[in-house]
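Here is a short tour of one protein model. Look at the sequence and the fold, then read on.

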Amino acid sequence: MADKTNAMRLLDGKKIRYETHEYDNVVSGVEVAHAIGRPLEVVFKTLVTVGKSGSHYVFVIPVQEELDLKKAAKTVGEKAVEMVKSKELLPLTGYIHGGCSPIGMKKFFRTVLHQTASSYETICFSGGRIGLQIETSAENLGKLIRFEYADLIKNESGE
């Protein structure tokens with residue numbers, strides 16, 4: 001294993017149990033799930049947004065789903081939210097696009113996990129660099145960061 005990431009160091013520091021999964025040459029979250037041999041439903045992507053107020057928010061949703069910006073905005077009490085531009089991600093979070101973890105960011109932002117995360121024994125999310133996933137329980141994640149659950153994804157009808 002390559003050097004530990006901030007996310008891994010934070011988990012280790014709190015003695016939180018986790019597994020890591022490394023992979024190569026994949027682009028999408030769906031490909032990541034296949035590469036690490038986990039069902040799509042338990043592999044999550046971390047999305048950083050900015051609200052009309054200028055506040056930033058982190059949404060963690062299953063890799064095969066699309067963030068419903070209206071639901072996301074309503075959840076955090078904003079009129080609207082939009083995705084942070086890729087070039088703004090590194091200075092804001094310390095992570096690059098494709099390697100953004102919900103833990104270990106430069107600053108903590110209000111974080112919301114899609115409600116299905118509570119249904120699984122473990123979930124996977126970026127370990128803080130491209131090619132690395134961390135697998136742990138949502139309960140363990142809650143020992144490190146504050147988060148809430150909400151319905152954040154577009155329905156099949158597009159709503």
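## Rings, strands and side chains

The structure holds one aromatic pair (Phe, Tyr or six-membered Trp rings with centres within 6.5 Å; planes under 30 degrees apart are stacked, over 60 edge-to-face, the rest tilted). F147 and Y149 make up this edge-to-face pair, with 5.3 Å from centre to centre and 80 degrees between the planes. A pair of aromatic rings is described by these two kinds of value, the distance of the centres and the angle of the planes.

This is a predicted model, in which local features need pLDDT of at least 70 and side-chain atom pairs pLDDT 80 or more, while totals for chains, interfaces and linings use all residues. Residues are numbered from 1 along each chain as its sequence is written, and side-chain values use heavy atoms, without hydrogens and water.

How enclosed are single residues? The table gives relative accessible area, where buried means under 20%, exposed over 50%, and partly exposed in between (1.4 Å probe, protein chains only).

| Residue | Relative accessible area | Class |
|---|---|---|
| E135 | 9% | buried |
| F147 | 22% | partly exposed |
| Y149 | 38% | partly exposed |

**Strand 3.** Helices (H or I, at least four residues) and strands (E, at least two) are DSSP runs, numbered from the N terminus. Strand 3 spans residues 56–62. Six of its seven residues are buried, so strand 3 is largely enclosed by the rest of the structure.

Which strands does strand 3 pair with (pairing takes at least two DSSP bridges)? One is strand 2 (residues 44–51), antiparallel over seven bridges. Here V58 is the bridge partner of V48. Strand 5 (residues 110–114) runs parallel to strand 3, joined by four bridges. On this side, V58 stands opposite T111.

**E135.** This residue sits in strand 7 (residues 132–136). Beyond four places in sequence, E135 touches Y18, E19, H21, R38, T122, I123 and C124 (heavy atoms within 4.5 Å).

**K71.** Helix 3 (residues 69–76) holds K71. Which side chain joins K71 in a polar contact? That of D151, at 3.0 Å. K71 and L152 are 81 residues apart in sequence, yet 5.6 Å apart in space, C-alpha to C-alpha.

Notes
Pairing = 2+ DSSP bridges. Polar contact = N/O pair within 3.5 Å; in protein donor to acceptor, adjacent residues only side chain to side chain.
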